[in-house]
Amino acid sequence: MSAAESAVETIQREMTIFARRARASAGRMHPELSLVSYTLLGHLEERGGCRATDLAAHYALDKSTVSRQVAALERAGLIERRLAPEDHRVQVLHLTEAGQEILAQVTRSRRAAFRERLAGWPEEDLVRFAAYLERYNAGPAGADAD
């Protein structure tokens with residue numbers, strides 16, 4: 001196995017561990033807010049609202065999966081549907097005040113956990129790691145490594 005192949009194997013293994021750790025820690029951050037729910041709320045906040053179909057497309061999720069998540073977030077009072085001003089046939093999902101508060105609380109907790117985990121890292125390593133993650137997540141056009 002070449003050094004590059006070995007590195008790819010290590011990256012795959014470590015990214016899997018990272019994903020598992022992220023899912024596990026999400027429950028500790030806020031018991032009622034899964035990692036998927038947190039991600040969806042963050043996207044809605046970032047975009048200022050969007051349709052459920054936009055969420056499904058953005059995260060490459062099945063519409064039924066998003067529909068279940070959206071229904072749970074609505075039941076919890078974290079999001080609400082509003083008619084789109086330009087087309088009253090379209091419903092746009094928005095964070096409620098409670099959704100904004102919980103998202104802010106969980107975001108603070110997650111940032112603190114990352115700061116703690118990375119506390120001993122030199123600044124140049126943090127900057128390099130951040131750039132590598134951005135580069136990895138940007139990926140080649142049209143690629144879907146998940």
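A contact is counted when heavy atoms lie within 4.5 Å. Among the contacts in the protein chain with a separation of 6 or more, 45% join residues 24 or more positions apart.

## Basis of the model

The structure is a predicted model, in which local features need pLDDT of at least 70 and side-chain atom pairs count only at pLDDT 80 or more, while totals for chains, interfaces and linings use all residues. Residues are numbered from 1 along each chain as its sequence is written, and side-chain values use heavy atoms, with hydrogens and water left out.

## Overall architecture

The protein chain contains six helices and two strands. Both kinds of element are DSSP runs numbered from the N terminus, with helices being H or I of at least four residues and strands being E of at least two. Their order along the sequence is α-α-α-α-β-β-α-α. The C-alpha trace spans about 55 × 35 × 25 Å along its principal axes.

Of the 146 residues in the protein chain, 24% are buried. Here, buried means under 20% relative accessible area, exposed means over 50%, and partly exposed covers the range in between (1.4 Å probe, protein chains only). The protein chain exposes about 10,500 Å², of which carbon and sulfur atoms supply 53%. Accessible areas come from the Shrake-Rupley method with a 1.4 Å probe, and for residues only the protein chains shown count as cover.

## Nonpolar surface patch

A nonpolar patch on the surface consists of Ile11, Met15, Trp121, Leu126, Phe129, Leu133 and Tyr136, which together have about 590 Å² of accessible area. Patches are made of residues with over 30% relative accessible area and no salt bridge; like charges are joined within 9 Å, and nonpolar side chains (Val, Leu, Ile, Met, Phe, Trp, Tyr) within 5 Å. Helices α1 (3-29) and α6 each supply at least two residues of the patch. The most comes from α6, with four residues. Ile11 belongs to helix α1 and is partly exposed, with a relative accessible area of 46%.

## Aromatic pair

Rings of Phe, Tyr and Trp (its six-membered ring) pair if their centres lie within 6.5 Å; planes under 30 degrees apart count as stacked, over 60 as edge-to-face and the rest as tilted. The count by this rule is one aromatic pair. Trp121 and Phe129 form this pair, which is tilted, with 5.4 Å centre to centre and 50 degrees between the planes. Trp121 is partly exposed at 38% relative accessibility, and Phe129 is likewise partly exposed at 35%. Both residues also belong to the nonpolar patch.

## Salt bridges

Side chains of opposite charge can pair when their charged atoms come close. A salt bridge is a side-chain nitrogen of Lys or Arg within 4 Å of a carboxyl oxygen of Asp or Glu. The whole structure holds seven salt bridges. One of the seven joins Arg13 and Glu14 at 3.4 Å, N to O. Arg13 is partly exposed at 42% relative accessibility, and Glu14 is partly exposed with a relative accessible area of 39%.

Arg89 forms a salt bridge with Asp87, with the closest N and O atoms 3.0 Å apart. Arg89 counts as exposed at 73% relative accessibility, whereas Asp87 is partly exposed at 22%. In another salt bridge, the closest N and O atoms of Arg128 and Asp125 are 3.1 Å apart. Because Arg128 and Asp125 are three residues apart in helix α6 (residues 123-138), about one helical turn separates them. Arg128 is partly exposed, with a relative accessible area of 39%, and Asp125 is partly exposed at 29%.

His94 lies in strand β2 (residues 87-95) and counts as buried at 16% relative accessibility. Its side chain reaches the backbone oxygen of Gly48 at 3.3 Å. Leaving aside residues up to four places away in sequence, His94 touches Gly48, Gly49, Leu78, Ile79, Glu80 and Arg82.

Ala60 is placed in the loop between α3 (52-59) and α4 (63-75). Its phi is near 50 degrees, a positive value in a residue other than glycine. At 60% relative accessibility, Ala60 is exposed, whereas His94 is buried.

Definitions and conventions:
A polar contact is a pair of N or O atoms within 3.5 Å; within protein, one must be able to donate a hydrogen and the other to accept it, and residues adjacent in sequence count only if both atoms are side-chain atoms.
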